[in-house]
Amino acid sequence: MRFSALPKTIRTIAVLLLCASVVSAQGCDSSRAGNGDSSAANVGLPPELQGESKAYAEMDREYQSTRETLTLPVGIDWPAHAPNDTPVGEDEVAYEAGYGVAEAMRFWFCAWSHEWVTTINQDSLRSEAALRHLQQYRNMLVYRYLVEGQAKVFLEATISGAELGAADNVNQYLASSCHQLAQQLRQSAPPAPAS
């Protein structure tokens with residue numbers, strides 16, 4: 001069966017699973033929606049995750065409104081816009097309803113994962129605050145409604161590892177899923193001293 005012939009909810013979950021579980025330098029670059037009616041796929045989902053496929057501008061508004069409800073650690077800024085997966089010169093990608101919400105929540109989780117890793121051995125108050133934020137992810141829409149299977153196992157191992165004070169899984173998550181944050185941190189890092 002072709003990917004585009006699968007029901008929208010299954011395609012959305014497949015894309016999110018792929019995003020969360022792929023360990024590669026390129027990350028996840030596809031949030032393409034197929035054709036078809038999504039009304040059946042929306043049953044049981046909260047309103048933020050329901051609706052038809054969206055163009056980039058509409059998905060970015062979803063991202064913007066979600067990021068306004070979330071706080072980031074000091075020193076980390078929100079990207080001005082959600083990632084645009086439309087390759088140059090191609091027709092615009094259609095995004096599943098809730099993709100902008102998921103992107104904002106993913107960046108938020110990346111930011112707090114980074115905060116925890118960088119403060120665990122240096123600042124107990126900041127690392128404890130970061131851990132509380134990571135634990136809150138379990139109650140967020142993306143984790144509760146869209147993440148399943150191996151992706152949920154990976155995220156749970158990340159959070160549980162932090163709860164145990166072990167950075168390995170958190171570092172693995174940062175390396176595999178937080179390319180946008182890594183790029184921001186590289187750009188804001190002071191230049192290396194000349195030798």
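Trainee: Which residues are buried in H2?

Mentor: In H2, Tyr-56, Met-59, Asp-60, Glu-62, Tyr-63, Gln-64 and Thr-66 are buried. Buried means under 20% relative accessible area, exposed means over 50%, and partly exposed lies in between, with a 1.4 Å probe and protein chains only. Note that this is a predicted model, where local features need pLDDT of at least 70, side-chain atom pairs count only at pLDDT 80 or more, and totals for chains, interfaces and linings use all residues. Residues are numbered from 1 along each chain as its sequence is written, and side-chain values use heavy atoms, with hydrogens and water left out.

Trainee: What do the buried residues of H2 pack against?

Mentor: They pack against helix H3, residues 99–119. Contact means heavy atoms within 4.5 Å.

Trainee: What makes H2 a helix, and how does its reach compare with the span expected?

Mentor: Helices are DSSP runs of H or I with at least four residues, while strands are runs of E with at least two, and both are numbered from the N terminus. H2 covers residues 56–67, which is 12 residues. The expected span is 1.5 Å times one less than the number of residues. H2 reaches 16 Å from first C-alpha to last, close to the 16 Å expected.

Trainee: How many helices and strands are there in the protein?

Mentor: There are 8 helices and 0 strands.

Trainee: Why is the pair Cys-110 and Cys-178 called a disulfide?

Mentor: A disulfide is a pair of cysteine sulfur atoms within 2.5 Å. In Cys-110 and Cys-178, the S to S distance is 2.1 Å. That is within the cut-off, so the label holds. A search of the whole structure finds 1 disulfide.

Trainee: What does the pair tie together?

Mentor: Cys-110 lies in helix H3, and Cys-178 lies in the loop between helix H7 (168–177) and helix H8 (179–188), so the pair ties together parts that are 68 residues apart in sequence.

Trainee: Why is the disulfide called left-handed?

Mentor: The torsion about its S-S bond is about -85°, so the disulfide is left-handed.

Trainee: Is Cys-110 buried or exposed?

Mentor: Its relative accessible area is 0%, so Cys-110 is buried. Cys-178 is buried too, at 2%.

Trainee: Why is the pair Glu-115 and Arg-126 called a salt bridge?

Mentor: A salt bridge is a side-chain nitrogen of Lys or Arg within 4 Å of a carboxyl oxygen of Asp or Glu. Here the closest N and O atoms are 2.8 Å apart, so the pair qualifies. Glu-115 lies in helix H3 and Arg-126 in helix H4 (residues 124–136), so the pair ties together parts that are 11 residues apart in sequence. Glu-115 is buried, with a relative accessible area of 5%. Arg-126 has 39%, so it is partly exposed.

Trainee: What makes Arg-138, Glu-156 and Glu-163 one network?

Mentor: Take the bridges in turn. Glu-156 and Arg-138 meet in a salt bridge at 2.6 Å, N to O. Arg-138 also forms a salt bridge with Glu-163, with the closest N and O atoms 2.8 Å apart. Salt bridges that share partners join Arg-138, Glu-156 and Glu-163 into one network.

Trainee: How many salt bridges does a search of the whole structure find?

Mentor: The search finds 5.
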